[in-house]
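Subject: Structure for you to look at

Hi,

Here is the structure I promised. Please open it alongside this note, and my findings follow below.

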Amino acid sequence: MTHVRTSLFAGAAGRTLLLLAGVNLLNYLDRFVVSALVESLRAAFSLSDLRLGVLMTSFMVVYTVASPVFGALGDRGRRPALLAVGVGVWSFATVLSGAATGFASLLFARAAVGVGEAAYATISPSLIADHFERARRGRAFALFFAAIPVGSALGYVVGGLLDHAFGWRAAFLAAGLPGLVLALLVLRQPDPPRGQHDGAPAGGPRPLLQSWRALAGIRPYVLAVLGYAAYSFATGALAFWMPAFLERTRGVPRAEATIQFGAVVVLTGLAGTLLGGWIADALRRRIANADLWVSGLSALAAAPLALVALTAPSKATWLAALVVGQLCLFASTGPINDVIVAVVPPAERATASAVSIFVLHALGDVPSPPLVGALSDRTSLANAILLVPAAILLSGFLWTWGAVQRHDPRAARG
């Protein structure tokens, strides 16, 4: 096999992967720029911690509800066109966030972002899966999802710097405007045949209710999704509240808190995500359910490290635990998303991604920011954020349980 055929970046598949990774980076920059602006928005609109948590949840609720709609469309329509619409909608809504005049208008704009991101998040994994054969898919997903920590970190850093220099409105404008250009590039990408690398014709998607029932009967898929929900509960709370936690509990100045946490996220996220995808690809030829093993064991290792990072009084101790814990957390990102598309019929991958998104957000990062905020209002943020390591531990248990299950590969072909 030649280098051209084995390279992730060769041909149309490579170009599409790099573009989608770039858009995913912008996606998460947009999503988490608001986390860097928490204290400024609280001062501008006199918001409680509960209302700040609801601000993130408004986006997540719309995103979660809209995902099944775009999942069904993604299995039936031209995927690049749907992706382009999604990127354009969320980018325009982010620009509107910068023009908010009060809590209600900001809440509406952030909720509208969820419509656009639902289209992108549900359809992109199926498009990547159809561009790459299984032997390279783990690394392709690792590159795509490595954009999450980089984009999230840039959200903290760009948001923090622009907020400090020009105010919070400028941060929203900088996050939204580039996406309007990227939407046009996404529109021009090819749409490969569904299931072309999976050894059998993909066929057509089943009626939606029948497809949902079939997904519920695939045990590795169910355990992967439930574990992902617990993981998302933890990472959603951590991502939203960590800069405020560093400022209030550790005494780190506001701008430094966003930049410091952003630097940790980008370095550990990039390294952990790429390493996890590489390890899963390497082990898949030797170990059954390698993706679930990598995800489960890395989460089980991350749970005690998260507890130390949130409770240790020594800066050297909590910072070291935060760095290593984040590496372990991000190692599961590529493998677990590979599981979600690998164990289902190729013609229903967008639907499977949509159901996954619905469950993991409905049970995960939709309730976690306001729940932590409400508990913080009643006690303290230092106490409320301890929900994070417990949720990480649950995700590791569910994924490890899924790894020991037998799976019939014929289920992935329908």
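A definition first: a nonpolar patch joins nonpolar side chains (Val, Leu, Ile, Met, Phe, Trp, Tyr) within 5 Å, using residues with over 30% relative accessible area and no salt bridge. Keep in mind that this is a predicted model.

The surface patch

One nonpolar patch covers about 670 Å² of surface. Its residues are Leu297, Leu300, Leu393, Leu394, Phe397, Trp401 and Val404. Two elements give two or more residues to the patch: helix 12 (290-311) and helix 18 (387-403). Helix 18 gives the most, with four residues. Phe397 lies in helix 18.

Helix 12 against helix 14

Helix 12 also packs elsewhere. Its axis comes within 8 Å of the axis of helix 14 (residues 333-342), and the two cross at roughly 140°. Helix 12 and helix 14 are therefore oblique to each other. The crossing is left-handed. On the helix 12 side, the contact uses Asp291, Leu292, Val294 and Ser295. Helix 14 brings Pro335, Ile336, Asp338 and Val339.

Helix 9 against helix 15

Now look at helix 9 (residues 208-216) and helix 15 (residues 349-365). They pack at an angle of about 70°, with axes 11 Å apart. That makes helix 9 roughly perpendicular to helix 15. Here the crossing is right-handed. Leu208, Ser211, Trp212 and Leu215 of helix 9 make the contact with Thr351, Ala352 and Val355 of helix 15.

Best wishes

Notes
Residues are numbered from 1 along each chain as its sequence is written. This is a predicted model: local features need pLDDT of at least 70, side-chain atom pairs count only at pLDDT 80 or more; totals for chains, interfaces and linings use all residues. Side-chain values use heavy atoms; hydrogens and water are left out. Patches are made of residues with over 30% relative accessible area and no salt bridge: like charges are joined within 9 Å, nonpolar side chains (Val, Leu, Ile, Met, Phe, Trp, Tyr) within 5 Å. Accessible areas come from the Shrake-Rupley method with a 1.4 Å probe; for residues, only the protein chains shown count as cover. A salt bridge is a side-chain nitrogen of Lys or Arg within 4 Å of a carboxyl oxygen of Asp or Glu. Axes are lines fitted to C-alpha atoms, for helices over the stretch in contact, and angles run from 0 to 180 degrees between N-to-C directions. Angles under 35 degrees count as roughly parallel, over 145 as roughly antiparallel, 65 to 115 as roughly perpendicular and the rest as oblique. A crossing is left-handed if the near helix is turned anticlockwise from the far one by less than a right angle, and right-handed if clockwise. Contact means heavy atoms within 4.5 Å.
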